[in-house]
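Please read them beside the structure.

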Amino acid sequence: MCNPFFSEIPQSLLTTPGTGIAHPVCMALGVGNLNTDCGENGNRSAGRHYRRPVESPFLDSQRADTTVLFGGLSPRHDRLMEGVLKGLGYRARALPNVSLAGYERAKEFGNNGLCNPTYFTVGNLVKYVQDLEASGVSREDIIARHVFVTAGSCGTCRFGMYESEYRLALHHAGFDGFRIILFGTDDGIDQSTGQKAGFEANLDFFLGVINAFNAADVVNQFLHTLRPYEVEEGAVDRVTEQVLVRLASFFEHRRPFEPDAGFVGKILATLARRDLVDEMTAVATMYDEVALDPFRVKPVVRLIGEFWAQITEGPGNFHMHRFLEKEGAEVSVDRSLFTRLTYLLHMHKQGARDRKGLDKRPGHYVRYYKKRGTFTLAEWILKRENNRLLRAMGGTLHPMVSQYELARLAAPYWNWRTSSGESHLEIAENIYYHQHHLCHMALSVKPFTCMPSTQSDGVQAKVVEQFPGMIFLPIETSGDGEVIAHSRVQMALGTARAKARKEWSETLDRTGRSLEELRAFADDHPEIKRPTYPVPHHHGVVGRAANFALHVAELMNRRAAS
Amino acid sequence: MSAPRLCVGIDVGSTTVKAVLMDLDTDRILWRDYQRHEGKQLSRLLALLRNLEAEVEDVRPGKIRVCATGSGAAPLERLIGAKFVQEVNAVALAVERLYPQVGSVVELGGQDAKIIIFKDDPSGGKRKIPTMNDKCAGGTGAVLDKISAKLGIPAAQLAEQRYDGISLHHVAGKCGVFAETDINSLQLMGIPTDQLMASLFDAIVGQNLSVLTRGHTLRPWVLLLGGPNTFIKGMREAWRANIQPLWKERGVVLPEGVDPDDLILVPEDAQYFAAMGAVEYAKAEPETVGAYTGLDALAKYVESGVADHGIAFSTALSESPEELAAFKERYRKEPFTPATFARGEVVRAFLGLDGGSTSTKAVLLDPEGRILQKAYQLSKGNPIEDTKEIIARLRSAVEDQGAVLEVAGFGVTGYAKDVLKSAFGADVAIVETVAHTAAALHFYQHADVICDVGGQDIKIIVLKDGQVKDFKLNTQCSAGNGYFLQSTAQSLGVSVDDYADVAFAAEAMPNFSYGCAVFLQSDIVNFQRQGWKPDQILAGLAAVLPKNIWLYVAQIPNLARLGSTFILQGGTQRNLAVVKAQVDFIRSHFRGDEAEPRIIVHKHCGESGAIGAGLEAMRVQAGKKPSAFVGLEQTALTSYATITSNDTRCHFCKNTCLRTFIDITVAGDTDTRRLIVGNSCEKGLVEDVASMKAIKQDVDATAADTPNLVQIQAKEAFRSYAPSLVADPLPAFAFTAAQKQRVALMQRRSDLRIGMPRVLSMYSVTPMFRTYFESRGVRAKNIVFSDATSPKLYKDGAKRGTIDPCFPSKLGIPHVHNLIHVKHERAPLDLVFFPMIDDVPSEVVNALGCRICPTITATPEATRAAFTKEEDLFAKKGIRFMNTFVNMGQRELFERQMYLDFKDVLGLSAEENRQAIAMGFAAMETFQATMRARARAELERLEREHRIGIVLLGRPYHADEGINHSILAEFQKRRYPIFTPASLPVDDDILDDLFGDEVRAGLIRHPREITDVWKNAYSANSNAKIWAAKFAARHPNLIAMEVSSFRCGHDAPIFAAIEGIIESSGTPFFSFRDLDENKPSGSIKIRVETIDYFLKRYRERLVREPQPTA
């Protein structure tokens, strides 16, 4: 049967009975756009039904003349990742930093109601290919000679659906067929072409990425601890630029693993090699050239929140890093990617424990303990590698916090099983950094409509209530509303600043010395002002100036005693 | 030179500038001033400071200090040497000095709302908890300003406006745009302005209490600061009325011997607190901080205009004067020449009237559809009054020429159409979309796209060969609409008529981010701060309007997809600046086969709705019937009175709607006709029980005949499936403590009372949990659910909220509040069970996952925090709160999770637990089978009768009428059966009929698979929604209707896929997106009526066509 809905409407229906006047409304509201192609069984035709876009493969044979695009992390992570990919033989290019113009493109070409990491990152790719076309590259060439590589996940938040959003926005922008290659954060490469894939997410790739992210994380943290205290404005940025050039080159030209080293061989080689550690030691020397004034009293603001909003630097989080520094704060940033990796390992490990014994098939316990063992080993490796780089940089940065400790702190407030996003991490970090006197204030950045992050904020209200003295401010980030967001930060920062000043004043009293005396001693001993000089953290004291003053006083006392 | 001992405190807010000159030693205020700046923040401040310099000799560079606070204060640091102080910190400093006993402060500013709560710190002293609204200015003075201006309330009258004793109506406080929409609807129903304003006060206070306090209790004493609190009596009363019940509910100890009213006070100089706080800040700073540098730099800055935008900006609305001149020439408005009449001529005309949201328009048409006369006027607040005036004007236009007007037919449209039809006897009342389409096609038969932008609504109608192919309407948000432009212009001191000229004069304009009018409002403040001038801001707003229309409302990036002839109409497009922006945008987004779009501004742009109504009247009255119109004389003599009080409240159901009676009297008549408005259902249309019963009978008959599976699901999900009691027998012997405890727990099962909130996934999984408990011996009557979602339930409980997620999630707290404060009070509950559901069994085959959205999963955790933050309310009430984390999609794990949590609550054995889970799953199957059987029967009937059914593409909680705003029920009343994704039958014959060909062709492996349309199939409810879309797309008697809640993170990524699935098949598709806590009745009504009209035409084709043979 062919459905009668799809036949043409008789004109007689469209006139007012008895008058012959054509009725414009009836004319207008006859139904258009109907599929008149009926299927065999009379239902709407299978031939005309929507199918998701066909995904073009990226093949090994195309690798030589294809540029692998990627991006969306901090500029430093992207730079080092580019080095790794080039070292693996790809023509790689990191996308420029995200921009409001890109954000607008994604709003125009993508779905409505997305979170801002989606808008910024998707729009950034669309803008890049559009700019490329505007510069004279043909659309066909752009599609044929570029692929975009991004992470995927099976998480419950829309991050797992980004891939489709890239494709949709590119489709609307006229770049149908542009290849989006997905490698899962826990699933490995996602390609099934029948031929060798052009992009291989193999062990070389993952070890390269992990090392690059480790280095980028450490540089990232380090520069944020220095910049507020630099004597010459711009010095830290200048050195960082040189550092990144050096490290990117290092990763690009790093000696590859022996081709037949195998899984265990490559892991062992990673553990045994010291070349990255040596490189970071050289980086530390470069930073040591920067003159600091550690006596500047500044509140330390710990930036926590959703992963991308934390790590991006620019309009994606209202330029929060720079804004805080401009307002006189020291920004304490996370080892975002390493924390994320250890978090995922922890979640998988605990998830396996929840299911222990449920699988009744033979060998279950062997598989269970093997899995746990693998995760434990991976955790140990990550921690060891991170510690090696921290030591190379002088040991001035706080070591990576154990995921078990974080889960324990969050447990009274949040069930860690609520996966996706940062779930219990935000709560745990707020408590940890407060309890260990590592920040004066925590600023949680969360994208507009971020699902998990919004809920944890509800729980933070209780956390703040139960920890007197804790200063916590959540900020919802999006592409607009920067001025008001900054005002709210200034509001909380006012209290944090007062807290830092009070701490300073009490500390100075505790030293029993004047600032001038302390400063004179430090000037006489410039080595203690070096960026990599490990000033001890004194219990209950947060600020760099206060800790430094106490240390200088101790040195003076020691000197006086001797 | 001695250090300066005088300090000026400046507060540059979004609507006013305030300054105080204080003596730092004595804290004495020596001088003060307060002025509205109308968008000219810095120039008004300059004038104010010049006055200060003139009046006080010491105010000279180097002689005084200056500190500035407020949203516009930052530039003053470099312009006059002022030290910047963040406003909340400034207010806190002032309060700490002047009112040390204060427990909390509420300051409402023009764009900001701030709350500071002072709590005793265990380490001594006071701890300060400040909060401030984020970028959304809902719940602030801006909303009050805008709405009072719209209602034409003079400042003096607003100041005296009361709250106490005034009848309140529901107004959304969350968002200024929503509030405005609600007020507008109420106004058009004839609700008096005092009730509108009192309702707005209530909404603003409620919004601040539910969001801005972040769940903290406003402790006494409460200081009310800021313009609205200071100047408006009703605002103060609203705070008192709302705070005191909270104190009672939360057991706040009040100081003895003080009237609670006196604990909530407005201090002297309330409007100067931020400025005084800025001065207070100076005291703690070195004396060199804030050294006044004089006014030269500020004067230079003000005079030179925009010097430092600090943001991306565009050049002017036009490329060059020549281009602008060419545009103006091309789009020059054709002057309308009204018809002239001979003396004594009888002018037989059809009257069309559009009672719009902000204006009333009317036309007279001759029998050939030519326009004889037209009239337009801004609404004065009451549609009956407006109609009387505008008809009188049309009548005069004819009769002043000595002719006689005879109205042959009267058609109405617009928000007020139903009231006007009843009041004046219109022959026809048609929905606006239909009216606008008719009016466009009357003049432009080859139109492809009609874009109508009115005061409140944006309508886009897409045509093909003169037939409507699709339409898009803005949802509840009237972002960037006409009224927004108008009111912004007025607030910047520019009249609407001058808007275009002023905007065209701007040489540059800021780039507004499109999307939300409230955010635009925030941007305006931001841009003003950066020095943008009113003309530039107006140009920027005109430029952003097309983005809101085509990208935000229509969501169409390539306009060539729609066709090539665009008709622009609606009052807003009388503004040439808007038209210029529209033309440029359409051209730049028209990516077609080298073709150029044809863009026409309707020659009767503002009156197109009225013309459409007139044409419709002409059609229905053609040639015969006498018009039902009451007549011109009677119209002029019509008077009316409105009554809204407790006496008008409807008591026919638990909603107890506060109705308004409009009694209409025509002079000379003894009878008064009563119109009833403000009712939420048909029962409220009458006053006596007998009439109500007749209506109810009719409604019930329709409901019985037309199943609404949304309602059925809402009912079936929470009923008892009466499982057999298969609990273990009590152990004969109990020796150990554990055995004894188990016996005690088992004995207690029958008395255990368990409360569960009626929210979120509970709409799909409750049969599992209910059966789990009942099968172990918990009595069915002891399983208690929170009440159905209602505005009252939400309002009562939302004040504990600390975050602003999607509305369905926000309901977690109010529903648990209802369990504690209503259900528990009636009969004590032992525990409240609100499971954290992480995944569910998958209904879709070969999906990658079946997870629940993380917002839903985590809601019980956030809810628990809300009730245990200041004190553990559960413990206090003797209730155990259990939010067991469950993976229902992994049965063995689920069994373990339930066992671990409930073994010590119910005294369960592992085997008992396993059986209970099995029985729960069996109940789930029965629940689904019941709905599917009902749906199958209805589908078969639809096929037999060639009728249309609607598939709701929504999530389980959209079965909650408090969330779906009864939209589906409206369609049921119009006799469309409603199906839910879970109800769609999965019998082999049906699946084979719909999907068999595709399975056999290898496009999919299973009929219940979605891999062909959606790759990232992780979310259980998204997967179900997508499969339902596929089902609807393939079934000839079904059409699809998507509903989605604002901020839904799982819906956003699948919007395009859903549209693709439905539209590729040619299936009619409608959507209600961004549903939120407010019910935008006006917008819903227009959509429902439009869709109904559309579907009627659609069905007519089915009925008239020859029936197929088997």
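1. Which side chains meet in a salt bridge at 2.4 Å, N to O? They are those of Glu163(A) and Lys1015(B). A salt bridge here is a side-chain nitrogen of Lys or Arg within 4 Å of a carboxyl oxygen of Asp or Glu. Between chain A and chain B the count is nine salt bridges.

2. This is a predicted model: local features need pLDDT of at least 70, side-chain atom pairs count only at pLDDT 80 or more, and totals for chains, interfaces and linings use all residues. Residues are numbered from 1 along each chain as its sequence is written, chains are lettered from A in the order in which they are written, and side-chain values use heavy atoms, without hydrogens and water.

3. On the interface, 107 residues of chain A are in contact (heavy atoms within 4.5 Å) with 120 residues of chain B. The two chains bury about 10,300 Å² between them, 56% of it on carbon and sulfur atoms. Buried area is the accessible area (1.4 Å probe) that two parts lose on being put together, summed over both.

4. Chain B has an open sheet of five strands, ordered S8-S7-S6-S9-S10, with mixed pairing. Strands are DSSP runs of E, at least two residues; helices are runs of H or I, at least four. Two strands pair if DSSP finds at least two bridges between them. S8 (126-132) and S10 (264-265) of chain B stand at the edges with a single partner strand each, so one side of each lacks a neighbour in the sheet.

5. S6 and S7 of chain B run antiparallel, joined by five bridges. In S7(B), Lys114(B) is the bridge partner of Glu107(B).
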